[in-house]
Amino acid sequence: MGKTYGYADAVKLLGKKDNALVSALDKLAGTALLGGVPFAVSDLLGWFDVKTEFVRLSNQLLLKLGERRGLARYSYSERLHAAHTVIVVVGLFEALKAVDLPFKLKDLDLDKAGQIALVGLTGIFDGAGLLPSPSRSYLTNLGVLREQYAQAGQALLTLLKDKAVWPLLDEAGQRNTTSVLSRIQGPAVRHYEELVRKLAVQYPELGYWLQAHHNAHVSAGLARLEESLERTRIGAEPDDRRRELARRYRAVLDRPVIDPGQVQQGLEIPLTRDAYVDPDFQVRSTEPGCTPSQLRWWDEVVRRSDLHQYLVGYLTSPQAVTHPLVVLGDPGSGKSLLTKVMAARLPASDFLTVRVELRSVATEADLRRQIDLGLSAVLQEDVSFAALARDAGDALPVVLLDGFDELLQATGVTQSDFLENVQTFQRRRAEAGRPVAIVVTSRISVAGGMRIPAGTDVLRLVPFSTGNMTAWLNVWNASNAGYFAEHGLEPLPIDDVLAHRVLAEQPLLLLMLALYDAAGNELQRQKDSLGRGDLYQELLSSFASREVGRESDLDLVERELERLSVVAFAVFHRGGQWVAESDIDEDMTMLLRGGNPVPWQGPRKPLSESDRVVGRFFFVQCAKAIRDEKELRTYEFLHATFGEYLVARLTWCALMDLHDSESRPRRITGSRPDDSFLYALLSFAPLSSSVPVIEFLVEKANKSEERGELAGLVRRLFALSQLPRARSFDAYQPVRRPVPARHAIYSLNLVLLSVVLTPLCSSRDIGVDDWPKLSTFWKSQLSDVEWSTLIELLYVRWVEPSVAVLAIGSSVPATVEADGLAGRTSLREAAMDARFTGDRAVNEFRHAFEALPDSRYDVHYARALIQLAASPVEPWERAAHYRQWAGIYPDLVLQCLRRDITVSAETLGELAKTGLAESSAFAVQLCDRIGRGGEDEELLAVFDGLGLPRVDRGSEMAMLDAWLRLHEQGYRHPSHRRVDLRTVLYSVDFETVQRLRPDLVYRAGTVAYEIGLFD
């Protein structure tokens, strides 16, 4: 029999050559496992007891840390892979040895290849599907193994039946073997766990693959990443160039997380090594057609807190050099800082780390050149990545590409194949024997524009948890304990931060809240009275006053906020999340400088408006890219709500300025208010495009003492908006919209402002004479997205055909009010109108209504049909519909009653009081329900109430059938019933019954004989 696998094979794969002791142990283990040694399995496992002989044997068999120096990291990862596969195989055969089988395993004549094939593999390097991975938890991996072992048990059973040993077993032995092998997966998994734990003790990389300890405690600065990799260090000391590179990256740990010059004097900004809290994350492997840019793709993915452990497992796995790791997050979530800390923490002995800020390299260059440029930027000299990697020896190159989203933002050029190019670069490096791991960061919202190779791990940095926030605050409060004591301030407690969780979930905005509170404990003092809009106002004002350097100069602060508001409108008008530097400069010039550019004198070009305004606020993020040697920049607010607040703020300020202007005495009576600035702001995008903008405006309106006067001003502006008039700021064109669209958007925004100022108002009060015509005009000029957000936001309730009550924040009515249909066109005319205009929403309804018969092409009939036949409602509600429509569409009600077995006798009694009682079809409905084990007495009472003096020809067969059923069940009619069984038998036309229901004639004859009609 050929040689088989044993535990020692896994050991030797990790670097130890064959020697006498290893060979002896291998022979012993292999022979024992195949049944050639008579002692028990417990005796064999005793050799590996960590408390006794296994400790001594491990020292001799397993490679010591020093002996592993010089092995290439990638080669060593492959060996770990193969060693794990051997453990998978050995786990199965140890389980087989431990169970009671009526034959010896050696009789199967299995060699190593046979063992491998039994678990569904072709070789020891073919176990990728069984290999633990950073993105697959330990328990999940055990489930995969359990299934593989179950299949192996069935494969072994099939093999047995093909061997000579099977016919030698008696029937009981065959049954026992079949039963044992069908349950072998449980014992096999247990033996696998024992063996792999022993191997992981000496080789921690395997332990990190196992991912056995999820949700580790929060740690700062990824310190545990460095500690874990140092414990598994295998590389030699780095040369001078790598040491210099690592030293430059490591320096970031001893720098403050932001420039101390941006905060009040005396405050201590924590160092990165202390303030960087390891974020929670989710990780998921991609498959074709996946959508990681959509949050619902992450709904079922567990939130984890062991980032250091995941990164160790990933960087020491074979996947690291075949696929890029994609890191996604929101603005301010810490993507860039993560790459900085990783570059600082990865040991230079084992990793050649190169961090590339994609914003700083030429976008038109290929990836190799971009990496070279990133290296040169750090070392301040021309350096080749290829040459540096060749000199790195055993160290694994790790390239951190930070800010893929910035390339898209700044250049506006789609690069959907970027990750595919990255993977191609990895493949070519691996083929040359120089593998490389690559990490790419991007904002999650632009991930939809990337083609992500299947099998790629995508890691999402999730918002800060309460634990993350608490850990960060502990560092902040400890760093500034002296400052707080000197100024009589309290440390910032977590409860006050959680009141503003939407901001505190992002690390940089949490810092912003802490800085705001450090100025007199403002956040704590106003925790019960500070509204959301108030908070944004206070935050922005405090930072603006710090930037201008004069807190008491309110005019300068207001001017700074006004400029920031123009930036916010630049983003809002263009319908995106960021805006180009050139667009900001143009908007500033048109709105705030009257179209006059910044004066330029002397040899140096002055700072742009964007440089002077937004470049100094750390809550405004700047994305950069270099194309054709020109730097391109875009700006966005770190949290979108800052921009939304500023849009609402400038809108409100413009309205207040106009109100103040109109409140002053006029020398010329009848002059019109100059709403040119307001028109420029509110004629390019509906305010309803952003719900937070409307909410901020509502908050301002609720606190305004001039609310009524402002409502009157808006009504006047709406009336004037319908008239042609000249306005200034015509040169301001942030986006191209036709003149009708601008008039539509401006009138819509004035209506929205009216509803903001008057929470429940009539369209007539605003000055809208015909709401349907105006809303149709809006729809014709708005985009589909703008229209859908409007109709979701603005509540409309009809009071008259052309008048509606408007409100914001109310629920949409479930049905159309009947009064709103007064004076309507016919359904046929409405269909013709829809066909002519091509209105997509209305044509959806037309398509359904076209199925109605021509004689019933009526909206009321359609509604009745839906309520009676197509609406899944409770029986009591259905009964109300029957009563509602019985007098209008009796035939439809009767048709639906015939199929409705749930209708009660009480409902039928109420319907008997309507015109339905005159129909013989209704009597048939009653008769069909009588004598079937239901409410017979109640149904008979309803029938009596019909007052039928005799048998009606239209219902005679139904009555005969019902009365016969009653009699056959033993029921006897009371004397007061006018139409009893005898009356029915005497009145029925049996010739007709014989032709249509001959069974009734036979039954009737039997009953007639019983009651003596033939006497």
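Trainee: Which residues have the most contacts inside the largest nonpolar core?

Mentor: This is a predicted model. Its largest nonpolar core comprises 106 residues. Apart from that core lies another, of 70 residues, which includes Leu346, Leu375, Val422 and Phe425. Inside the largest core, the residues with the most contacts are Trp472, Trp476, Leu515, Phe642, Leu687, Trp778 and Leu806.

Trainee: What percentage of the residues in the protein is buried?

Mentor: A residue counts as buried when its relative accessible area is under 20%. The protein has 1015 residues. The buried share of them is 52%.

Trainee: How many helices and how many strands does the secondary structure of the protein contain?

Mentor: Helices and strands are each numbered from the N terminus. Helix α3, for instance, covers residues 41-46, and strand β6 covers residues 457-461. The totals are 50 helices and 12 strands.

Trainee: Which element of the protein has the lowest mean pLDDT?

Mentor: For the protein, the mean pLDDT is 78, and 78% of the residues reach 70 or more. Over residues 16-72, however, the pLDDT is below 50, although this stretch has 92 contacts in the model beyond near neighbours in sequence. Among the elements, strand β6 has the highest mean, 95, while the lowest, 31, belongs to helix α3.

Conventions. Residues are numbered from 1 along each chain as its sequence is written. This is a predicted model: local features need pLDDT of at least 70, side-chain atom pairs count only at pLDDT 80 or more; totals for chains, interfaces and linings use all residues. Side-chain values use heavy atoms; hydrogens and water are left out. Helices (H or I, at least four residues) and strands (E, at least two) are DSSP runs, numbered from the N terminus. Buried means under 20% relative accessible area, exposed over 50%, partly exposed in between (1.4 Å probe, protein chains only). A nonpolar core is a set of buried Ala, Val, Leu, Ile, Met, Phe, Trp, Tyr and Cys residues joined through side-chain atoms within 4.5 Å. pLDDT is the predictor's confidence in each residue, from 0 to 100. Contact means heavy atoms within 4.5 Å.
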